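Have a look at it, and then we'll go through a few parts of it together.

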Amino acid sequence: MIPFHSAYHSRQTHAAQLAEQAQFSGLIFNPGRSLYYLTGLQFHLMERPVVAILSIHSEPVIILPELEMSKLTGAPYPLRAFSYSDDPSTWAKAFHSGVEAAQVGNGRFGVESTSLRVLELRYLEQAAPEAGFESADEILCDLRICKSPDELWSMRKAVAIAQSALTAILPAIKPGVTEKELASELTMQLLRAGSLPEMPFSPIVASGPNSANPHAAPSDRAIAPGDLLLFDWGASCDGYISDLTRTFVIGKAEPELAKIAEIVQAANAAGCATAGPGVAAEAIDLAARRIIENAGYGKAFFHRTGHGIGLDAHETPYIRQGNRQPLRPGMTFTVEPGIYLSGIGGVRIEDNVAIHADGAEVMSNLPRSLETLG
Ligand code: ZN
Ligand code: ZN
């Protein structure tokens, strides 16, 4: 099912406006989040190229393998399709026809520099030798940055799915169970709670000293009394993601671990409380960081405070020092301060925040204090 039928046309119009302002003749997309955002179409990146051309001079054009044509059925906007067979010698012809229909000519077209591959680029260059293909990353990060009420609904749902999945596994956590076992149980509960199978990222389950590594992968380590146990996980709803972190303790916490948990909770609260329309993104980072620095743990908080979320698990706006970008209604991002004590353990608390005209909404609400498990 393609959600948000009515939205695609206005999204494509918005993209065309951004392109025109940047003096592009159009934008070219290959499979990925932006193509999904603009058309509702999802393809896997594979050896057969798929390219959509949104030209300001013509109707949208898509070049794709015949076997993907059925995905276009019922597309609620005009779209001219040029398909090719499994025989690679037919591909260049489809590109020629598609590029002609989109009136690419000698225009200057914007592409996603981190997404378009040499594969697609060569076919485009061959079909339109006089055209220019340049990075449009600067305008594209603005395209999806402010979420509509429909998108916010999906994001709240993705938060709710993630929260109920974690809640479901907590009673089974006791010493002896391994990080990998908990990660697979959490993944199963995410699916059961309604997440799309394509998760935003694989859950991080990190216990004891492993929790001091912000990007730890679940290991065969069995959790033990006194361990911190950190979950960083998320769900996907309509392609929109959630990204949360909570930290627990198995049995009784050493005094220093209990102390850093309180500091991180205060830093998370200060970051969330600072969020609002017109506030510079960096102000949230500064508010959270100040709490941790004042408590003497500044060096143990060595990453930025957050990142934008939406269709991507990492997108603009970035919540870091130096980003003076004012927050606007519809922007969504994480607030995730942490303190990491090498060889001992780490605490991170991550929430998902949406900016509204009259303030900020913290979409996640699982308890943030250091709860005891086991
Ligand atoms: Zn996370
Ligand atoms: Zn995150």
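What follows covers a metal site, a helix and a loop residue.

A bit of housekeeping: this is a predicted model, where local features need pLDDT of at least 70, side-chain atom pairs count only at pLDDT 80 or more, and totals for chains, interfaces and linings use all residues. Residues are numbered from 1 along each chain as its sequence is written, chains are lettered from A and ligands numbered from 1 in the order in which they are written, and side-chain values use heavy atoms, with hydrogens and water left out.

Let's begin with the zinc ion (ligand 2). Its protein donors are Asp243 (OD), His307 (NE2), Glu336 (OE) and Glu350 (OE), at 2.1 to 2.3 Å. Donors here are N, O and S atoms within 2.8 Å of the metal (3.2 Å for Na, K and Ca); water is not among the atoms, so sites may look incomplete. Along the chain, the donors are spaced as D-x63-H-x28-E-x13-E. Asp243 also coordinates the zinc ion (ligand 1), and the two zinc ions, ligand 2 and ligand 1, sit 3.1 Å apart.

Where do Glu336 and Glu350 lie? Glu336 is in the loop between strand E14 (332-335) and strand E15 (338-341), while Glu350 is in the loop between strand E16 (345-348) and strand E17 (351-356), so the pair ties together parts that are 14 residues apart in sequence. Helices (H or I, at least four residues) and strands (E, at least two) are DSSP runs, numbered from the N terminus. Glu336 is buried, with a relative accessible area of 9%, and Glu350 is buried too, at 0%. Buried means under 20% relative accessible area, exposed over 50%, and partly exposed in between (1.4 Å probe, protein chains only).

Now for helix H1 (residues 7-21). In H1, Ala7, Tyr8, Arg11, Gln12, Ala15, Leu18 and Ala19 are buried. They cover an arc of only 130° around the axis, which puts them on the same side of H1; the arc is that of the directions from the helix axis to the C-beta atoms. An α-helix has 3.6 residues a turn, so residues three or four places apart point the same way. On the other side of H1, Glu20 and Gln21 are exposed. Just after H1, Gln23 has a positive phi of about 60°.

Last stop: Ser115, in the loop between strand E5 (108-111) and helix H4 (118-127). Ser115 is buried, with a relative accessible area of 16%.
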